[in-house]
Amino acid sequence: MSLLKVENVTMRFGGVAAVEDVSLSVDQGEMLGFIGPNGAGKTTLMRIITGVLRPQTGRVLFRGEDVTRWPVDRRIRAGLALAQQIVKPLASLSLVDNVALAAGAHRMVSPLAALLRTDRETERAKAGALLDFVGLGDALSMMPTELPLGDLKRLEVARALALEPVLLLLDEPLAGLNQGEARAMADLIATLAGKHRGIVLIEHNVREVSRICPRIYVQDNGRGLVDGRADEVLASPELRRAYLGEELA
Amino acid sequence: MAYEITVLTTMAISILFALSLNVITGFCGQVSLGHAAFYGIGAYTAALLTKSGIPLALALLPAAAAAGAVGFVVGMASLRVRDDFLAITTMGVAFLFVGFVRKQEMLGGEIGISGIPSVAFGRPGLLALSLLCTALFVLLTVHIRRSWMGFAFDSVADDEDTARILGIDVPRFKLWAFVIGTAGAGVAGGLYAHHIRFIGPDSFGFLESITALVMVIVGGIGSIWGVALVAAILSVLPLFLQFVDDYKLLLYGVLVFATVRYAPGGVAGLARTLAMRIRR
Ligand SMILES: Nc1ncnc2c1ncn2[C@@H]1O[C@H](COP(=O)(O)OP(=O)(O)OP(=O)(O)O)[C@@H](O)[C@H]1O
Ligand SMILES: [Mg+2]
């Protein structure tokens, strides 16, 4: 079954079409690589899928339901999660609390239920395990301001995982990591796709994308260019054209 | 003894009033410049009820409900606006309230309501009731801090877009902050009306809203004991020092400026820094 369906979505900022008539689908258990040059509209499409932005035209379907008009938090609680390109740690909370908050989000639908609950240990334990998983096991009680960008990227991933999403959107999670770290992180991400979970991985690091993603979708200038098996996409003339003048990693 | 009772009652009511704003502005990060309106709604509601023979202890419940209900409406209206616009909207509410009261004959119009009955057991009775209400509210806010509601408030205050991306229903939590905070202000207002025994539109003007905000900022945004301490001091300072009463706005200006410039964490933040230095 198709987990996510984006249908003919267009998003304009003033005169600029950041995303233009894009359609895309992601299936259960699928690991989709999403590449494209700077300004291609990748982040904008993620923002549309999560509801941060409302597209001028088109629809977003999640698990068969039209969620185009849903607010962000409702989509998240329905099983979406986004690790953002521009890291957004909650600066006043420690790392473990940043992740624990996400881990408890599903139990916080009702403020009354939230008021009646004080115990954070279950969520903190889960947060600790996730932070350990992404390589931040030693930094649990540190504040986000004390960490370098690469680690904040890991925090984004841990926080997104804490939501236990069925569709995980990762916007450049390898940025800020060196080659070895990027490889390790990509291996880790590869383990996350399961029978029920789909993943969209946005990356400029085409080497890692092609290594772990069986399918790749390319966008350029707001338009979908190619979508298909990784090896075929990487060999396609469309991709060469999109990256003309740029070196493919 | 009578004087001490007056001082303590003033303190208790001010602490309650400041802590009620602390839930909205301190915990949830929503700046309100109109908190006195809810103080006033509570005061008028309670005064009308006790004048018709209902004991204050009972009248405080409808006072809280009335203030909380209006708080809910204002909260709903405020969901679409943020930061400076929220400040302006809530300021508008404060002016609207005063303007409305002035024109209501039932509320005494310009003249206000006088002859508000004294409470059972007189001044000591009112002090006991004020202390009880304030203590209960302190316990409530301490509990909120520890609960997942406080956790959610932290995230909303920190960055509401990120809170949403983590699945937090931001508008609903904001509304709860508004309702809890404004209901608390309603109780404080009900007590205040029976402390002063006379209320008019001017008792709940813009200055009162600013006073509460100053207490929250100087106490240390979000800190329960810091805000309570500063509220206690600032509320009775004019009783001891005449010039404080004369130059209230000037004093507030200096305090807020000094806090923002030199100690953004307020009194609570200063104490924390100091404690850390001593431990080293
Ligand atoms: N909020 C906004 N307001 C105006 N223009 C925007 C906004 N967000 C994005 N854009 C523009 O839309 C286009 C697509 O931006 P987007 O961030 O989606 O690209 P991207 O593919 O994620 O790029 P990168 O690889 O650099 O992250 C760019 O031209 C950008 O300047
Ligand atoms: Mg981007």
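A residue is called buried when its relative accessible area is under 20%, exposed when that area is over 50%, and partly exposed in between, with a 1.4 Å probe and only the protein chains considered. By this definition A:Gln219 is buried, with a relative accessible area of 0%. A:Gln219 belongs to strand β9 (residues 215–220) of chain A, where helices (H or I, at least four residues) and strands (E, at least two) are DSSP runs numbered from the N terminus. The side chain of A:Gln219 reaches the backbone oxygen of A:Ala40 at 2.9 Å.

The structure is a predicted model, in which local features need pLDDT of at least 70 and side-chain atom pairs count only at pLDDT 80 or more, whereas totals for chains, interfaces and linings use all residues. Residues are numbered from 1 along each chain as its sequence is written, chains are lettered from A and ligands numbered from 1 in the order in which they are written, and side-chain values use heavy atoms, with hydrogens and water left out. The model scores ipTM 0.91 and pTM 0.93. For chain B the mean pLDDT, the predictor's confidence in each residue on a scale from 0 to 100, is 93, and 100% of the residues of chain B reach 70 or more.

Strand β9 of chain A also holds A:Arg215, which is buried with a relative accessible area of 14%. The side chain of A:Arg215 is joined to that of A:Glu30 by a polar contact of 2.9 Å, and a polar contact of 2.8 Å joins the side chains of A:Arg215 and A:Asp227. A polar contact is here a pair of N or O atoms within 3.5 Å; within protein, one atom must be able to donate a hydrogen and the other to accept it, and residues adjacent in sequence count only if both atoms are side-chain atoms.

Ligand 1 is surrounded by 13 residues, of which the closest are A:Asn38, A:Lys42, A:Thr43, A:Thr44 and A:His204; a residue is near a molecule if one of its heavy atoms lies within 4 Å of it. By class, this shell has 4 nonpolar, 7 polar and 2 charged residues, where Ala, Val, Leu, Ile, Met, Phe, Trp, Tyr, Cys and Pro count as nonpolar, Asp, Glu, Lys and Arg as charged, and the others, Gly among them, as polar. Helix α1 (residues 42–50) of chain A gives the most to the shell, with 3 residues. An oxygen atom of ligand 1 is 2.8 Å from an N or O atom in the side chain of A:Asn38, and a polar side-chain atom of A:His204 lies 2.8 Å from an oxygen atom of ligand 1. For A:Glu172, the distance from an N or O atom of the side chain to an oxygen atom of ligand 1 is 3.4 Å. Of the 640 Å² of accessible area that ligand 1 has on its own, the protein covers 62%, as computed by the Shrake-Rupley method with a 1.4 Å probe.

A:Glu172 is found in the loop between β7 (167–171) and α7 (179–190) of chain A and is buried, with a relative accessible area of 9%. Most residues other than glycine have a negative phi. A:Glu172, however, is not a glycine and has a positive phi of about 55°. A positive value is also found for A:Asn8, with phi near 45°; this residue lies in strand β1 (residues 2–13) of chain A and is partly exposed, with a relative accessible area of 42%.

A:Thr43 lies in helix α1 and A:Gln85 in the loop between β6 (80–83) and α3 (95–104) of chain A, so the pair ties together parts that are 42 residues apart in sequence. A:Gln85 counts as partly exposed, at 30% relative accessibility.

In chain B, helix α4 (residues 83–102) contains B:Ile88, which is exposed with a relative accessible area of 52%. The C-alpha atoms of B:Ile88 and B:Gly34 are separated by 8.9 Å, although these residues are 54 residues apart along the chain. B:Met91 lies in helix α4 of chain B as well and is partly exposed, with a relative accessible area of 26%. The C-alpha atoms of B:Met91 and B:His35, 56 residues apart along the chain, are separated by 8.4 Å.
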